[in-house]
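Take a look at the structure below.

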Amino acid sequence: MTQLLFIPGSLREASSSRATVRALVKRLDQDVICRVADPGRLPHYNADLGQDPAVEGFVAEVAAADGVVFVTPEYNYSVPGVLKNAIDWASRPAYNSVFNDKPCFIISVSGGALGGVRAQAHLKYILNGMLARPFACQEIVIPQANAKITDGHLTDEAILDFAELNMRAFVSSF
């Protein structure tokens, strides 16, 4: 069975990123093994640290996944530091990391009207630099996301249907 690793770009449990992850996992979990990474448990990137159990665990999660699903908010027109930190840890060794040729799917969320499109563009650029394979599809953006959450889950059925359709195509591409 296909294994997906979801990486939310927010630390806050009640965030729209995590609410989106929960809603998508609920829709996919009968057909796909879904795991959710916790980028907040990683130390700040520092090559002097050497081996760290949290980093090794995260890298192993990425390596074991058939595909990685990023659900990122947009902070100051880009990806949040916690997400970039996780990516930086897993991007080593350069050009030969667990992200090399790893299929990746990107969703962005925002409290604003644009749905995080700038963060999504930056994330694709970062992934391309690591030789990952961002999935090509119409962009999944969730504008005014905070107003679309009920009981810790994204509830916008049109967006969830669109995201699910594209995620199933993503899974079929492996």
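**Rings and a helix residue**

Trp89 has a relative accessibility of 8%, so this residue counts as buried. The cut-off for buried is under 20%. Keep in mind that the model is predicted.

Trp89 has a ring partner. A pair of aromatic rings is described by the distance of the centres and the angle of the planes. The structure holds six aromatic pairs. In one of them, the ring centres of Tyr45 and Trp89 are 4.7 Å apart, and the planes meet at 65°. Planes over 60 degrees apart count as edge-to-face, so the pair of Tyr45 and Trp89 is edge-to-face.

Where do Tyr45 and Trp89 lie? Tyr45 is in the loop between strand E2 (33–36) and helix H2 (53–64). Trp89 is in helix H3 (residues 81–90). The pair therefore ties together parts that are 44 residues apart in sequence. Is Tyr45 buried, exposed or partly exposed? Its relative accessibility is 30%, so Tyr45 counts as partly exposed.

Phe105, Phe135, Phe170 and Phe174 make up one aromatic cluster. Tyr77 has a charge over its ring: the charged end of Arg118 sits there, 3.6 Å from the ring centre.

Now move to helix H1 (residues 16–28), where Thr20 has its place. Thr20 counts as buried because its relative accessibility is 2%. Which residues does Thr20 contact, leaving aside neighbours within four places in sequence? They are Val71, Ile107, Val109, Ile142 and Leu154.

Note on methods:
Residues are numbered from 1 along each chain as its sequence is written. This is a predicted model: local features need pLDDT of at least 70, side-chain atom pairs count only at pLDDT 80 or more; totals for chains, interfaces and linings use all residues. Side-chain values use heavy atoms; hydrogens and water are left out. Helices (H or I, at least four residues) and strands (E, at least two) are DSSP runs, numbered from the N terminus. Buried means under 20% relative accessible area, exposed over 50%, partly exposed in between (1.4 Å probe, protein chains only). Contact means heavy atoms within 4.5 Å. Rings of Phe, Tyr and Trp (its six-membered ring) pair if their centres lie within 6.5 Å; planes under 30 degrees apart count as stacked, over 60 as edge-to-face and the rest as tilted. A charge sits over a ring if NZ of Lys or CZ of Arg is within 6 Å of the ring centre and within 35 degrees of the ring normal.
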